[in-house]
Amino acid sequence: MKRRYAQFNPKRKLLSPAEAEVRVAELQALASRARYGGNPEHKKNPGDFGLVPPSDPRQGKSLCDFAKIFKRNEAEELLRAGLRKGLVSDRMVGDWPKNVWAVTDDGFAMEAQLENPDSGTYHGYPIPETDPLSLEVIRRWGCLNG
């Protein structure tokens, strides 16, 4: 049985801005190849994600519906923007960062987790506002946009 933790994963850490700057060409190249797969556990409305099962929201999972992401291309563009801006994990799985972060136009911090390192496919979800990483992602995103 998979154990659920009451606290957030302390292993998640953003690459520093200086480290991201050094890796800008690599992250740009990854952004052009990254794909968004989705996960039915984070969906109430399956939109055009083509998920199997179509949607299967689990209690305790954050839902993309809350952040108003219903189209695969929207999710994929957020993923790619996070890579291009260097909002990536300091942990790698092969060529790919374990996590990528972005912020929606409505201000929701999103986290994408690598699900297939062979194809560079991720699935994502909103970061709960109670997670301290949410504020850090929003702060860094704002610094990069303005």
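This report walks through the salt bridges of the predicted model shown above.

## About the model

Because the structure is predicted, local features need pLDDT of at least 70 and side-chain atom pairs count only at pLDDT 80 or more, while totals for chains, interfaces and linings use all residues. Residues are numbered from 1 along each chain as its sequence is written, and side-chain values use heavy atoms, with hydrogens and water left out.

## Salt bridges overall

Side chains of opposite charge can pair when their charged atoms come close. Here a salt bridge is a side-chain nitrogen of Lys or Arg within 4 Å of a carboxyl oxygen of Asp or Glu. Searching the whole structure turns up seven salt bridges.

## A buried pair and its network

Let's start with Glu111 and Arg12, whose closest N and O atoms are 3.2 Å apart.

Glu111 is buried at 6% relative accessible area, and Arg12 is buried at 15%. Buried means under 20% relative accessible area, exposed over 50%, and partly exposed in between (1.4 Å probe, protein chains only). Asp131 joins Arg12 and Glu111 in a network of salt bridges.

## Two further pairs

Glu26 and Arg23 also form a salt bridge, with 3.0 Å between the closest N and O atoms. Glu26 is partly exposed at 34%, whereas Arg23 is buried at 17%.

In the salt bridge between Arg84 and Glu77, the closest N and O atoms are 2.5 Å apart. Arg84 is partly exposed at 35%, and Glu77 is partly exposed at 40%.
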